[in-house]
Amino acid sequence: MSRAALIAIAIAPLGALMLTAAAAPADIVRPDMPGRQVFERQCAPCHGTGPGADGAPMLPGTAALAAKYDGAKPGALELRSDLPAPVLRLFVRRGVSEMPPFRKSEITDAQIDEVAAYLAATAAAN
Ligand code: HEC
């Protein structure tokens with residue numbers, strides 16, 4: 001066997017490992033804060049990192065944002081550092097495209113602030 005073939009065989013598993021790492025959103029470091037619970041209950045069904053219960057690789061919010069920004073920003077909100085509380089409130093209260101607006105009886109302003117702090121902390125930790 002040629003030397004090049006041997007090297008190719010030797011490094012092939014590395015390629016597989018790198019692919020696994022890139023496709024392993026479950027590895028996101030998630031700080032344990034109040035906003036995490038709110039996010040998991042109210043937002044993660046659409047904005048989590050997937051895969052979805054139907055086997056889709058991305059959840060609808062994550063997929064829509066990945067398509068919208070086309071690599072310029074991450075699809076997952078937990079990796080976004082540009083969503084301070086006032087911005088988050090606007091989107092959550094008004095809704096956007098496929099995303100429904102949330103009433104104050106569904107999520108309070110204080111809870112949106114908690115989610116904003118959680119997203120900032122998660123983005124910083126990853
Ligand atoms: C039913 C699914 C669904 C739920 C639940 C949901 N979203 Fe969304 N959200 C979406 C979709 C889809 C989009 C992308 C809309 C578009 O195409 O612009 C989106 C967009 C957003 C955006 C806009 C980001 C940008 O850069 O354009 C923010 C911020 C956001 N969601 C925050 C939240 C938060 C916070 C929650 C929880 C309180 C939440 N969403 C719950 C589906 C959802």
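Where is the place of Leu 90? Select Leu 90: its place is in helix α4. Before going on, note that this is a predicted model, in which local features need pLDDT of at least 70, side-chain atom pairs count only at pLDDT 80 or more, and totals for chains, interfaces and linings use all residues. Residues are numbered from 1 along each chain as its sequence is written.

**Overview**

Colour by secondary structure. The protein has five helices and zero strands, and from the N terminus on its elements run α-α-α-α-α. Helices (H or I, at least four residues) and strands (E, at least two) are DSSP runs, numbered from the N terminus. Of the 126 residues, 22% count as buried. A residue is buried if 20 or more other C-beta atoms lie within 10 Å of its own, exposed if 12 or fewer, and partly exposed in between, with C-beta atoms placed from the backbone.

**Leu 90**

Return to Leu 90. Leu 90 is exposed, because it has 12 other C-beta atoms within 10 Å.

**The ligand**

Select the ligand next. It is surrounded by 22 residues, of which the closest are Cys 43, Cys 46, Gly 61, Ser 97 and Met 99. By type, the shell divides into 16 nonpolar, four polar and two charged residues. Here Ala, Val, Leu, Ile, Met, Phe, Trp, Tyr, Cys and Pro count as nonpolar, Asp, Glu, Lys and Arg as charged, and the others, Gly among them, as polar.

**Helix α2**

Select α2. A kink of about 50° is centred on Glu 40, the bend at a residue being the angle between axes fitted to the seven residues ending there and the seven starting there. The buried residues of α2 are Gly 35, Arg 36, Val 38, Phe 39, Cys 43 and His 47. These buried residues pack against α3 and α5 (109–125).

Keep Cys 43 on screen. Leaving out residues up to four places away in sequence, Cys 43 touches Leu 77 and Val 115; contact requires C-beta atoms, placed from the backbone, within 7 Å.

**The core**

The largest nonpolar core has 12 residues; select Val 38, Phe 39, Cys 43, Ala 76, Leu 77, Leu 88, Val 92, Ile 112, Val 115, Ala 116, Tyr 118 and Leu 119. Such a core is a set of buried Ala, Val, Leu, Ile, Met, Phe, Trp, Tyr and Cys residues joined through C-beta atoms within 7 Å. The elements that give it two or more residues are α2, α4 and α5. Its largest share, five residues, comes from α5.

Most residues other than glycine have a negative phi, and most peptide bonds are trans.

- In the loop between α2 and α3, select Pro 51. A cis peptide bond joins Gly 50 and Pro 51, with omega about 0°.
- In the loop between α3 and α4, select Asp 70. Its phi is positive, near 45°. Asp 70 is exposed, because it has 8 other C-beta atoms within 10 Å.
- In the loop between α4 and α5, select Ser 97. Ser 97 has a positive phi of about 50°. Ser 97 is exposed, with 7 other C-beta atoms within 10 Å.

Methods: A residue is near a molecule or strand if its C-beta atom, placed from the backbone, lies within 6 Å of it. Two residues are in contact if their C-beta atoms, placed from the backbone, lie within 7 Å.
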